[in-house]
Amino acid sequence: MGLKVNDRIYRKRIRKLKRYIRNKLPKQSLKEFKENTPRDKGKARSKTKLKGVSSRGFTIIGDYDYSGVLDRGLYPNPPKQGTGKTRGGYSTQATKGMIKPTNDFIEKELRDFIRRI
């Protein structure tokens, strides 16, 4: 006499989670990443793309020469053009960079989604 477990509900929830991670979460994360991007000229927003979406994950690529600087929340000090873009060498528009807020958003979204299912 053994214990029988009906795992149909859990399998369904896991499939739902995989679909969410593969389809919806990457697009939401890209949108959040772009919202955290400074709004100076728009080059950073237009050159940021979503790549490698699969069930294992996804990558957001910043295809511009200063992407690493923006990702860390830095900015040339003094600013190259105009004023008010930097405070002590850190961007006034993306003070926390773009990666950390996006990562926090992804973690929150996953926690919320898992709670819902």
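This is a predicted model: local features need pLDDT of at least 70, side-chain atom pairs count only at pLDDT 80 or more; totals for chains, interfaces and linings use all residues.
A patch of positive charge lies on the surface, formed by Arg-8, Lys-12, Arg-13, Arg-15, Lys-16, Lys-18, Arg-19, Arg-22, Lys-24 and Arg-116. Helix H1, which spans residues 8-35, makes the greatest contribution to this patch, with 9 residues. Arg-116, also a member of the patch, is placed in helix H4, which covers residues 99-116. The relative accessibility of Arg-116 is 57%, and the residue therefore counts as exposed, the cut-off being over 50%.

Salt bridges were examined next. The structure contains 4 of them. One of these pairs Asp-7 with Arg-11, with 2.9 Å between the closest N and O atoms. Asp-7 has a relative accessible area of 32% and is partly exposed.

Asp-104 is joined to Lys-100 by a salt bridge in which the closest N and O atoms are 3.2 Å apart. Both residues belong to helix H4 and are separated by 4 residues, about one turn of the helix. With a relative accessible area of 35%, Asp-104 is partly exposed.

A salt bridge also links the side chains of Asp-112 and Lys-108, at an N to O distance of 2.9 Å. Asp-112 and Lys-108 are likewise both in helix H4, 4 residues apart, or about one turn of the helix. The relative accessible area of Asp-112 is 22%, which makes this residue partly exposed. Lys-108 is partly exposed as well, at 44% relative accessibility. Through salt bridges with shared partners, Lys-108, Asp-112 and Arg-115 are connected in one network.

Glu-32 presents another case. This residue is located in helix H1. Glu-32 is buried but takes part in no salt bridge. The nearest side chain of opposite charge is that of Lys-31, at 7.9 Å; a salt bridge requires a separation within 4 Å between a side-chain nitrogen and a carboxyl oxygen. When neighbours within four places in sequence are left aside, Glu-32 is in contact with Thr-102 and Phe-105.

In summary, helix H1 supplies 9 residues to the positive patch and also contains the buried Glu-32. Helix H4 carries Arg-116, together with the salt-bridged pairs Asp-104 and Lys-100 and Asp-112 and Lys-108.

Note on methods
Residues are numbered from 1 along each chain as its sequence is written. Side-chain values use heavy atoms; hydrogens and water are left out. Patches are made of residues with over 30% relative accessible area and no salt bridge: like charges are joined within 9 Å, nonpolar side chains (Val, Leu, Ile, Met, Phe, Trp, Tyr) within 5 Å. Accessible areas come from the Shrake-Rupley method with a 1.4 Å probe; for residues, only the protein chains shown count as cover. Lys and Arg count as positive and Asp and Glu as negative; His and the chain ends are not counted. The place of a charge is taken as NZ of Lys, CZ of Arg, CG of Asp or CD of Glu. Helices (H or I, at least four residues) and strands (E, at least two) are DSSP runs, numbered from the N terminus. Buried means under 20% relative accessible area, exposed over 50%, partly exposed in between (1.4 Å probe, protein chains only). Contact means heavy atoms within 4.5 Å.
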